[in-house]
Structure formats: structure tokens, C-alpha cells
Amino acid sequence: MLPEFIFEDVTEIFLFVAKYIPRAAAVSRDDLIVFIITFLKSSSYIKKPYLKAKLVEILFYFTFRSNDREVGMVSLLNSHPLALNHLLPALMSFYVEVEQTGAHTQFYDKFNIRYNISQIFKAIWGNHLHKEKLKEESRNIDSFVRFANLLMNDVTYLLDESLRKLAEIHSIQTEMDNKEEWENQTQQYRQEREGTLRSDERSATSYMSLGNETVEMLVFMTSEVADPFLTPQMVDRLAAMLDYNLKSLVGPKCTELKVRNPETYSFKPKELLSQLVNIYLNLCKHKEFVHAVAIDQRSYDQKYFSKAVSILLKWGLISDKNASELEKFVNEVEVTIKSEGDDELGEIPDEFLDPVLYTIMEDPVILPGSRVTVDRSTIKTHLLSDTTDPFNRMPLNIEDVISNTELKERIEKFLQEKRQK
Amino acid sequence: MSTTLFSKRLSKELIDLKINPPAGIEVTESDTFKCWKLSLDGVEGTLYAGERFTLEFRFTPNYPMESPEVVFVGNIPIHPHIYSNGHICLNVLYNQWSPVLSVRSVCLSIQSMLSSCTTKEPPPDNNHYVKTAKASPKQTQWSFHDDSV
């Protein structure tokens with residue numbers, strides 16, 4: 001461990017330099033990169049996440065000025081060997097780490113830090129060496145899924161919040177437009193509504209701009225590495241989230257989002273729609289994803305896709321090729337929905353069913369503490385958000401679960417017999 | 001063969017609740033897997049005997065990994081842990097949720113919370129809370145201090 005105050009002083013100085021006199025750092029840019037990446041990557045030296053957040057912030061300010069050749073650091077990040085090897089993995093693991101900063105403001109802190117991270121990502125992801133590194137990282141599927149899961153959770157939360165706020169803004173604006181009725185309300189009521197409107201406007205703006213960045217990152221990630229997003233613990237929720245947001249943007253309730261001057265809240269519905277469609281396009285070739293969309297009975301509807309395509313075509317935001325690809329995807333989904341219905345297994349013995357989800361288990365495992373058998377994908381999904389055994393709330397590690405091979409064999413035999421009939 | 005997290009699970013829960021309903025609890029609305037309504041009767045011999053309340057459950061696509069949003073709607077019981085906007089202060093609905101819990105177990109917890117009540121009065125900070133609360137009780141930072149009721 002280093003004395004943290006020394007470290008903090010150094011970061012403070014560079015943060016100041018980065019913000020106000022970036023030119024002053026021109027001669028020491030190489031050293032600065034080494035310093036930042038070393039400590040970002042080696043978590044054991046610096047324990048406090050807020051200190052590491054400063055490193056990210058320094059990098060952010062330097063990349064942010066990327067159009068200024070003299071002070072921008074992007075070209076260095078794309079050529080320095082240490083950066084090429086370690087920057088991307090370090091940023092990804094820090095993205096995961098800030099989920100819990102320990103401060104009471106952690107819920108909001110993480111979004112600020114992740115905003116900075118996403119900006120740095122954006123500055124470097126055009127580089128093919130960084131892309132290679134990303135592919136390499138994604139082979140370590142478990143840790144990548146943790147990252148991907150948080151990324152997806154952020155998109156879910158931010159879009160949900162911002163769209164909800166926009167709907168509220170819309171409803172207050174409509175209320176105010178009706179002059180006569182508005183004047184008839186009590187002074188106190190009007191003041192309250194105006195106050196709500198102002199606070200909604202503030203939160204809509206910040207959630208939306210963060211949301212846009214996070215969606216963009218998800219588009220990029222899914223275009224480069226699809227596999228982690230197709231794992232059983234991710235794919236169903238990802239499909240459900242995409243369908244849900246597609247429905248909000250083009251479904252029956254989309255008029256609720258028609259606020260005045262949407263751009264003041266960074267709300268660009270056409271761009272957002274086009275980004276969502278891009279994620280669908282990135283994943284549409286994979287049968288896991290087709291299946292996941294097919295089983296989403298909550299928000300999926302093929303007419304939302306045709307509506308989205310017609311909007312995007314009108315504004316020239318989608319190519320004919322992609323439009324027909326999306327159409328093909330929707331057809332495949334429809335076919336899958338129909339065939340799912342026929343796939344009836346009849347009575348399934350209770351012991352073959354996962355006790356949490358009531359689906360037939362594919363890979364049953366015994367939880368060491370409670371001795372309950374569940375499907376491996378169920379407990380994995382649960383552990384992403386809660387690190388305890390759900391049956392007795394004792395701490396649990398995924399490494400400690402025990403494969404129930406005997407039961408697995410019996411389930412496989414059962415399925416084989418059913419299929420033969 | 002697998003299906004969205006909640007749909008198999010919720011259909012199973014629904015069948016259970018309909019075939020074998022717990023005393024005083026009945027599903028009144030379950031058209032979608034998004035939102036259900038259940039009626040809850042006050043238990044004989046308690047302060048709420050003869051009253052009928054309605055609970056609204058909202059499920060996210062992550063149910064049962066994530067807790068459902070549960071509030072009283074319509075006639076709100078007067079109870080030290082239930083705010084007049086329908087929000088319920090009960091730890092299993094928030095930080096103590098576990099995927100092993102179910103609609104049935106949540107209803108039973110709420111029923112027993114009502115039954116063990118000794119004085120019908122609203123929470124001490126009711127006015128302040130109702131003014132400042134978010135639409136969803138899951139966005140409230142709850143502190144659970146009282147286990148007696």
C-alpha cells in the first residue's frame with residue numbers, strides 16, 4: 001500500500017492541469033500514461049475507488065480535447081504499448097468496481113465515473129488493436145459477463161427513468177397548456193406542479209444524456225463481441241429490455257413522450273430508436289437471441305418493428321439492406337414463437353423443475369449451505385445481484401456449488417424418452 | 001425450452017393461488033404478467049376484521065430475481081407501517097427480498113403485519129413521506145427499525 005495522501009496530491013495536480021492548462025503536461029504525457037494505467041490496473045495498491053476515479057477523470061479531460069493535437073492524448077492512447085495492452089481491461093474492471101464505492105452517494109457516483117469511462121472508450125474504440133484486446137477479454141466469459149450485465153442494468157435503469165420523466169414532463173406541459181383550467185387551480189397547486197416540472201427537467205436531462213452514452217457503448221460492445229450477451233444469464237433479459245424500450249418509443253404510449261424541445265433534454269428519439277435497432281441488428285444472426293425475443297411475451301410485438309423501420313427509412317437512418325435483415329429477423333422470431341407452442345413436454349416431475357423459475361433444469365447444481373438443487377443458470381443470474389444463497393441468505397460463491405450429476409442424467413433420460421415419442 | 005424468467009414462474013404461482021388460495025386472499029386481476037391485483041380481507045378478531053383491501057403487484061422482467069413493486073390501492077389500511085399513498089414499509093419487499101419468496105408469501109407477510117397491529121394509526125412521518133415519495137416505493141431509502149408490529 002502507498003501512503004494515499006501522496007498519491008492523492010499527484011492526482012489533484014494533474015487533474016488541475018488537465019482541466020485548465022493541459023499544455024503544461026505536454027512533455028510528460030508518456031509518464032502520465034504509465035502512472036495512470038499502472039495504478040488503474042493494479043487495484044491492490046490503491047484501495048479507494050474515488051482515488052482511482054480521479055485517474056479516469058484526468059484521462060477523460062485529456063481525451064475530451066482530442067481535436068487539439070498539441071494537448072490531446074488520444075493518439076498516445078492508441079500507440080503506447082502499455083495503453084494498448086492494459087487500458088481497455090483496466091477501464092472495464094473499474095467500470096465493474098465502481099458499482100460499490102462504499103460512499104453513501106455511490107448510486108450517483110457510479111454514473112459520473114462511468115460517464116467518464118464511456119467517453120474514453122469512445123475515443124479509443126476505433127483502433128483495431130484495442131478491438132483485438134476487447135475480443136481477447138471477452139474470452140474470459142465470466143468476468144466479461146459481469147461487465148456486460150452492469151452495462152445492461154445501467155441502460156435499463158437510465159432509459160426507464162428518463163422516459164418516465166419525459167412522460168411526466170409531457171403531462172405537466174399539457175396541463176399548463178389548458179390555460180383556463182390551469183388558472184383555476186390554487187396557487188399552491190400550480191407552484192407544486194411547476195416545482196415538479198423543474199426537477200423532472202433536470203433529472204430527465206441528466207438521465208437521458210447518460211443513457212445515450214450507455215446505449216452507444218452497448219451498440220459498440222454487441223457489434224464487436226456478441227458471445228457474452230448470448231449467455232443464458234444475459235440474453236433473455238437483454239431481449240426483454242430492448243423490446244420494452246422499443247415499445248416505449250414506437251408503441252401505443254409513444255405520444256406521452258412528445259415533449260416540447262426534446263433536444264434540451266438530450267432526447268433524440270430518432271437517434272435512440274436507430275441505436276436500439278442497431279443492437280438488434282448486431283445480434284439478430286444468433287439463434288439464442290432470436291429465441292430470447294420469441295419468448296418475451298411482455299413487450300414483443302412484430303408491428304413495433306415494422307413501425308420502427310418505416311420511421312427510420314423515412315429519415316434515412318437505416319439502409320435497405322439492414323431493413324430487410326430486420327424483417328428477416330422478425331420472421332424468424334415469429335416462426336420460433338409458433339414452434340415453441342408445439343414443444344409440450346406434458347407432465348414434468350417436480351424434482352426436474354428449478355424451484356425458483358419452474359423451468360426444467362439443464363444443469364442442476366446443489367447449493368452447499370441449504371442443500372437445495374437449482375439450475376446453474378438460475379443461481380448464476382441471482383449471484384450477479386446478490387451474493388448469498390437465496391434459500392438461507394448465507395454467503396455463496398459460484399465455485400462452491402456442487403453438480404448434481406445423478407439428477408442431470410435422469411433429466412436427460414426423461415427428455416430423450418419424451419422426444420422419441 | 002427455457003422461457004422468460006417470470007412467465008413460467010408466474011403462471012405456476014397463479015395456478016397455486018387459484019387452486020389453493022390462502023384464507024382471506026384472492027386474485028382479482030391477472031390479465032398480464034406485468035401487474036396483478038389481489039384482495040386481502042382483514043382477519044376476524046383483529047382490528048381490520050370486516051375490511052377488504054386491494055394489493056397491487058407490479059413485476060419487472062427480472063422477477064423473481066428482483067422484488068415486485070407492492071402497494072395498496074383504493075382503500076388504504078391505517079397502520080403504523082403503511083403510508084396513506086399505499087406504500088408499505090416491509091423489509092422483504094426491498095433489501096430483504098429473495099427469489100424464494102412469492103406473491104403468496106408476500107401477501108401472508110402483509111396479512112400478518114395487519115393482524116398483529118394494536119393501534120390503528122398512520123406512520124409518524126406520514127405527511128412528510130407522502131409529499132416527498134417517488135411513485136415507486138422501491139426508490140425510497142427505507143430504514144427498518146421496528147419489528148414489533
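Helix H8 (residues 141-177) and helix H10 (residues 187-224) of chain A pack at an angle of about 145°, with their axes 7 Å apart. The model is predicted: local features need pLDDT of at least 70, side-chain atom pairs count only at pLDDT 80 or more, and totals for chains, interfaces and linings use all residues. Residues are numbered from 1 along each chain as its sequence is written, and chains are lettered from A.

**Helix pair**
- Axes are lines fitted to C-alpha atoms, for helices over the stretch in contact, and angles run from 0 to 180 degrees between N-to-C directions.
- Helices (H or I, at least four residues) and strands (E, at least two) are DSSP runs, numbered from the N terminus.
- H8(A) and H10(A) contact through 18 nonpolar, five polar and eight charged residues.

**Chain A against chain B**
- Chain A gives 20 residues to the contact and chain B gives 18 (C-beta atoms, placed from the backbone, within 7 Å).
- H11 (232-250) and H16 (376-385) of chain A each give two or more residues to the side that touches chain B.
- H11(A) provides the largest share, four residues.
- That side of chain A has nine nonpolar, five polar and six charged residues.

**Sheet**
- Three strands of chain A form an open sheet in the order S2-S1-S3, with antiparallel pairing (at least two DSSP bridges between strands).
- S2 (373-375) and S3 (402-403) of chain A are edge strands with a single partner each, so one side of each has no neighbour in the sheet.
- S1 (residues 364-366) of chain A is joined to S2(A) by three bridges.
- A:Ile366 stands opposite A:Thr373 in S2(A).
- H16(A) lies across S1 and S2 of chain A, at about 80° to S2(A).

Key:
Ala, Val, Leu, Ile, Met, Phe, Trp, Tyr, Cys and Pro count as nonpolar, Asp, Glu, Lys and Arg as charged, and the others, Gly among them, as polar. Two residues are in contact if their C-beta atoms, placed from the backbone, lie within 7 Å.
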